[in-house]
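User: Please take me through this model term by term, and set each value against the cut-off that it has to meet.

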Amino acid sequence: MYNKACDYHRLLLCKTLFEMKVSRLVTPEGEKAQINISVRNLVEFLLREGDIDNRRGSVDPFEAMQEGSRIHRKIQNSMGPFYSAEVPLKYAIEYDDYILGLEGRADGLVLDRDENGDIVTATVDEIKGMYMDVMTFEKPVLVHEAQAKCYAYIVAKEYELETIEVQMTYVSLETEEIKYFNKIYTYEEIEEWFLTIIGIFKKWADFQFYHKKELIDSIQGLQFPYDYRDGQKKLVADVYRSIYRSKTLFMQAPTGTGKTIANVFPAVMALGQNLAERVFYLTAKTATALAARDAYSLLVEGGYEGKTIMLTAKEKMCLCDEADCNPDYCPYARGHFDRINDVIYEVITKETVITRDILLGYAQEYVVCPFELALDVSTWCEGIICDYNYVFDPNVYLKRFFAEGKSGEHIFLVDEAHNMVDRAREMYSETLIKEEILSIKRYAKSVSRKLTNALEKCNRIMLEYKRLCDSDITILEDIDTLVYACDNLQMIFEQLFKKEIKFGIYQDEVLDFYFRLRNFTAIAYQQDRAHYRIYCDFDEDKNFNLHLYCIDPSSQLQDRLRLARASVYFSATLLPIDYYKDLLCNDKDVYAIYVDSVFDQKNRLLLLGTDVTSKYTRRGDDEYTKFAKYIHSIVSAKQGNYMVFGPSYKFIEDIRQKYVELMENDFSEQGDFAWENISEIEREDSEVSYKEEFDNVELLVQRQKMTEQEREDFLLEFERQRDKSMVAFCTLGGIFSEGIDLVGGKLIGVIVLGAGLPQVGNERKLMSDFFDEYGKNGFEYAYLYPGMNKVIQAAGRLIRTKDDVGVIALLDERFRFSSYRKTFPREWNDAAFTTVDDVSVKLTNFWEKKS
């Protein structure tokens, strides 16, 4: 997943939220299109300089902005009757093909008049609140002064002034001490400086205008890159219609329907109609991100001129051994902002589909941080392929696009949307651990008495809750006392960070705690009983935990969806659709479509084994032996590669052992059993997977914590040519149960052991009770639907193309029940019940027909 500390540093130290917008190119006859940019964005983009440096503290820029606004108002109110505050200013520069519009708001403006009342000169005041000792400043900060000088030129131009004064007012946000810098410019001086700045910016404005024109022109003639499959043209039209009408669309689209390109293409066409500015393709998996990249590449081959970027987590982008943005150690952080604009321009003028490898190449050549480069380049792109977190997670979302609820003409395409329910619950939940508070208190003793006391107060309150927790789980109604104490603790942490106080070797641990504390406090103020439960319990290590648990994330997700013009949730498993509509948005006026499978059902045998179950009450040797017999019968029916999915690592290991025993006994009775040496795939750090070879079958077993290379090696086993069958044992809901394509006969059977229901636990019981309370079926919402989603995803590994043939066996007596089968896709209407005694006959008949 993510190194949240790295992402927090990235957000808290962000230099600029650059935004430049081209007005619609379709304008009334005789009118030119206009490019608008704020004065602040202009100067911060052009004049930024220096290092990326994570040692400068962790002050929330938006908390600082709010405090700065208070100071602004205080100073402005003290300046007397001739001082005008928050003066809006605009200026337009006309070029051959477009108009560049600048706009901003001067903090203060004083117009000096002569005895006749005519304005003869003026003073532009720019106020900056700083969390530092401003009395040590020897000169203004370059970008601050540049912002004021832009305002000064606009005022001087408007009033035809011969001179104008710029005043920089710096105020300490802690002490409220004020330091002034004043300078008078002649009109010629300020004009020369301003035109130089605008001249530097013109190449960026030119790029934005002409690229937008090329983009729209290219889309007008863009064709769908394939011949439409059955129903695919309607699918494209449904997506476009949802975008046009600014709706949220839920799409159940089985494998093979081409849902990736069927979403990307109409979204791109919407860009060409000026319905949107940018498309976010959101996914949780590398495989689906690559599919989106390939879809965009196809459109580029067809003439599409848009820019598309793939955003990758910081730790995967870092060119150093450790993601530490310290210019003393990282050459890519040192002087990053001195070089970054040159490389941005190179990338956006030379590349179209911008991947991680492309960005790393430019970052190494120009010696800049590749992750920051990616974020900056993204502001110039029409397509952004990234993880869900960058839009939906309140901690790591892209503030340059979504800060303070800033909305835009965006389109959200949410791939593998069945994953969003659990991911959203994780994003909008948080936990405090009493024992961790005590650990941080020990680290704080030598740093700050005030911090130590605040931590102790939080610990005492947590102790009171702990005394109430006399069972596995205790629900709390009111934690206001703790929230206020945490709020105070957070404020003390921030004061220390502003002073750049460190915690030695415990710095990372303290920062991690602070970020979770801040998230906990933010959620506590926002949560409501309609979507949350507050509870406490003890973990396996007997630590006392207090949880803010988001059971229904629909409200938080809806807040994010409002930042876009339209959104599409799509997946091969979004059934029952009402479950996902309830939990992924709270807008009732949404569209939902079901796309029929394009594959011939005769190429697939779907069996429901009704004489076994994975229920805990039935687990044991007899049941495991039945499962093993099923596997043996299915694998023996035809040579090929099979995947077996079980609910846990222990469960699949127990079944594997029974399967091995069954093969030993089977061959022993025939008198020709031959055991070959076990070959193990070993790694330097740990053994993560292994395979066993028998006379006519190989076994491959998924293990925990596999690296990316080990996952690739695992999948490469399906590519090998062999003269025997292979059975791969994997976990249901794990890394191999979705998002992989084994086509062309690489997989001929999927066997699912059990109904995939989540393990019974505190949170699941809480969830079940919650939905019962709100009139839903708690068992179905907490257990059945999440479990069956895993089953259907695993089964979907089999038929990926029209040429694939194979067997799906779902082995659990619960599949007889209508409540389970109502979650089945429509194309599963030919499912046949079977038992371990008659499964061989059904398999023989199927394979004989196919041969």
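Analyst: Two strands are said to pair if DSSP finds at least two bridges between them, where strands (E, at least two residues) and helices (H or I, at least four residues) are DSSP runs numbered from the N terminus. The model is predicted, so local features need pLDDT of at least 70 and side-chain atom pairs count only at pLDDT 80 or more, whereas totals for chains, interfaces and linings use all residues. Residues are numbered from 1 along each chain as its sequence is written, and side-chain values use heavy atoms, with hydrogens and water left out.

User: Why is strand S17 described as largely enclosed?

Analyst: Buried means under 20% relative accessible area, exposed means over 50%, and partly exposed lies in between (1.4 Å probe, protein chains only). Seven of the seven residues of S17 (residues 544–550) are buried, and therefore the strand is largely enclosed by the rest of the structure. Side chains in a regular strand alternate between the two faces of the sheet. In S17, Phe544, Leu546, Leu548 and Cys550 point one way, while Asn545, His547 and Tyr549 point the other way, and all are buried.

User: Which strands pair with S17, and in what sense?

Analyst: Strand S14 (residues 430–433) pairs with S17 in the antiparallel sense over four bridges, with Leu432 opposite Leu546. Strand S16 (residues 532–538) is also antiparallel to S17, over seven bridges, and here Tyr535 has His547 as its bridge partner. The hairpin of S16 and S17 has five residues between the strands, and Lys542 takes a positive phi near 70° there.

User: What is the cover and the pairing of strand S5?

Analyst: Strand S5 (residues 119–130) is mostly covered, since ten of its twelve residues are buried. Six bridges join S5 to strand S4 (residues 98–113), the two running antiparallel, and Gly108 stands opposite Asp125 in S5. Eight bridges join S5 to strand S6 (residues 163–172), and these two run parallel, with Tyr170 in S6 as the bridge partner of Lys128.

User: Which residues touch the most other members of the largest nonpolar core?

Analyst: A nonpolar core is a set of buried Ala, Val, Leu, Ile, Met, Phe, Trp, Tyr and Cys residues joined through side-chain atoms within 4.5 Å. The largest has 198 residues, of which Leu100, Phe280, Leu373, Phe392, Phe493, Tyr569 and Leu810 touch the most other members. Helix H5 (residues 187–220) gives the most to this core, with eleven residues. Apart from it lies another core, of 39 residues, including Leu222, Val236, Val353 and Val595.

User: What makes Asp217 and Lys213 a salt bridge?

Analyst: A salt bridge is a side-chain nitrogen of Lys or Arg within 4 Å of a carboxyl oxygen of Asp or Glu. The closest N and O atoms of Asp217 and Lys213 are 3.5 Å apart, which meets that limit, and this is one of 47 salt bridges in the structure. Both residues lie in helix H5, four residues apart, about one turn of the helix. At relative accessible areas of 45% for Asp217 and 40% for Lys213, each is partly exposed.
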